[in-house]
Structure formats: structure tokens, C-alpha cells
Amino acid sequence: VGWRGVFVSGALLTVVVAAAIVVFTRSTPPGAAPAAPSGPPFAGYRAVFQDARFWRIAPLTFFSNGTLLAVQGLWAGPYLYDLYGVDQAAAGRLLLLLSLGVTFGFGASGWLAARLGLARVVAAGVAAFSLCQGVLALGPGLSAVAVTVFLFGLSGGLTIMLLVQPRQLVPAELMGRATTATNLFSISGIFLLQWLMGLIIGRFAPDGAGHYPLAAYRLALSLTAAGNLLALAWYWPLVRPSRRAAP
């Protein structure tokens, strides 16, 4: 399939997804009246940013979403090429496993949150996600890498619920602004952590074939794991109430 076919397929998929959103998405639950506008477009952001609970969520969004997409979108490939010398086909299969894990994590996150509590699902996801980063930092065998990258994607995918959580903290008319404010930290995390990992890896000397050593990826992944765990510790007060309320 040439580039023209890829472009046409992508365009058709985009049209289908857009049409599905237009047809099936509701701005309010059935029977509920749409929320009235609450003043100027940027007026509600002050209320969002003044909520202390939002600032429990924002750092974890930065590190969890940022790490997931920084690795999936860029650094997973160089990690596999540099440490294991895989060819493009093998790398593609492993990256597919990672993406499947993310897909399953996204798909299961809402179902699990509705039954176990959103904050508990997020906390469990981040803990497992950080553990996966620690395993990858050790440079295990390729079979273990295959399992770990799938679990990395699965557990990282569960943290997508962080983009939903702020909507539970604000009035209905501020839900869009709360989601936008949270997404700002997610996008910032992707950009900054992707860059930071490259800065760290680039401080190590590559070998004659241009491959960076395990120590480079170990340091980068150890720092992202530590950032996730520290952000989880800061987020933890939001987990405790959901545990008390759980049946």
C-alpha cells in the first residue's frame, strides 16, 4: 500500500469517527437540560485552578500520560533497536503489543472505574505502570520485554481516567474547562518528558554502531518511574475517600 492509500484510508477513518461523534455523542445525560454558559470563556478557569483537588490530579496527569506517550510515540523504538538489535519487523510486533495494551487499558478503564472507583483504578494503574518502567530499566530478556511492554501499555492506559476525574469536582458548566485544564498537563508532559528522556539518553556515549547503552535508558526510565510514584504519593489523598466509600 503506497502513501496515497495510507492517506485515503486515514482520511476515511477520520470522517467515520467524526460522523460517529456527531451522531452518538451527547452534551448532557438523557433528560438533563444543557448547562447555561457561565460568563466569559475564560472566567471559569479561575475556579478550576483554585480547587486544591485539581492540583492533586495535575502532576499525576503530567507524569503518567506524558510518560506513556513519550515512550509509545518515540522512545520505545530506539530502546528496542539499541538494547536488543531487533529488526524492523520484530520492533513492529513489540510496538503493536504495546499499542494493544494501551487500547485494552483505555477500553477497560471506564468499566473498572464504575465498579472499583475511579481513583483506585488510577492509583493501581500508576503503580503497575511505574513497576513496568522499572522492569524495562533493568534490560530483561526479549520475552520478558514483550510481556512488560503489553502491561506497560495496559496499566498506562488506565490512567486516561485522570482526564475524567476533574469533571467530578466542578459544576456541570465548568466540566469542559476542567477537562481542558487537565489536558494541558497531559500534553505538556508528553512534550517535556519526551525531550527530557532524549536529553538524558544523549548524555551517554553511543557505541561504534550508534547504539546507546542500557545505562542511558535505565536512568531515563528510572527518573520517569520516580516521577510517577512521587506524583502518585501526592495524589493519594484523593484515593482514600473512594476506598472508604467502596462497598
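Predicted model: local features only at pLDDT ≥ 70, side-chain atom pairs only at ≥ 80, totals over all residues.
Leaving aside neighbours within four places in sequence, which residues is Leu-80 in contact with?

View 1. Beyond its neighbours within four places in sequence, Leu-80 is in contact with Gly-85, Val-86, Ala-91, Leu-94, Leu-95 and Val-145.

**View 2. The largest nonpolar core, which has 39 residues.** The members that touch the most others are Tyr-79, Leu-80, Leu-136, Phe-152 and Met-197. At least two core residues are supplied by each of α2 (45-49), α3, α4 (88-116), α5 (118-137), α6 (142-158), α7 (175-202) and α8 (214-235). Helix α3 gives the largest share, ten residues.

**View 3. Another core, of 15 residues, lying apart from the largest one.** Its members include Leu-118, Val-126, Leu-162 and Tyr-235. One of them, Leu-162, is also in contact with Thr-61.

**View 4. Thr-61 in helix α3.** The helix spans residues 54-84. Thr-61 counts as buried because its relative accessible area is 0%, under the 20% cut-off. With neighbours within four places in sequence set aside, Thr-61 is in contact with Gly-66, Leu-162, Leu-163, Thr-182, Phe-185 and Ser-186.

**View 5. The kink in α3.** The helix bends by about 60° at Trp-75. This kink lies shortly before the proline Pro-78.

Notes:
Residues numbered from 1 in each chain as written. Heavy atoms only, no water. Helix = DSSP H or I, 4+ residues; strand = E, 2+ residues; numbered from the N terminus. Buried < 20%, exposed > 50% of the residue type's maximum accessible area, 1.4 Å probe, protein only. Contact = heavy atoms within 4.5 Å. Bend = angle between axes of the 7 residues up to and from the residue. Core = buried A, V, L, I, M, F, W, Y, C linked by side-chain atoms within 4.5 Å.
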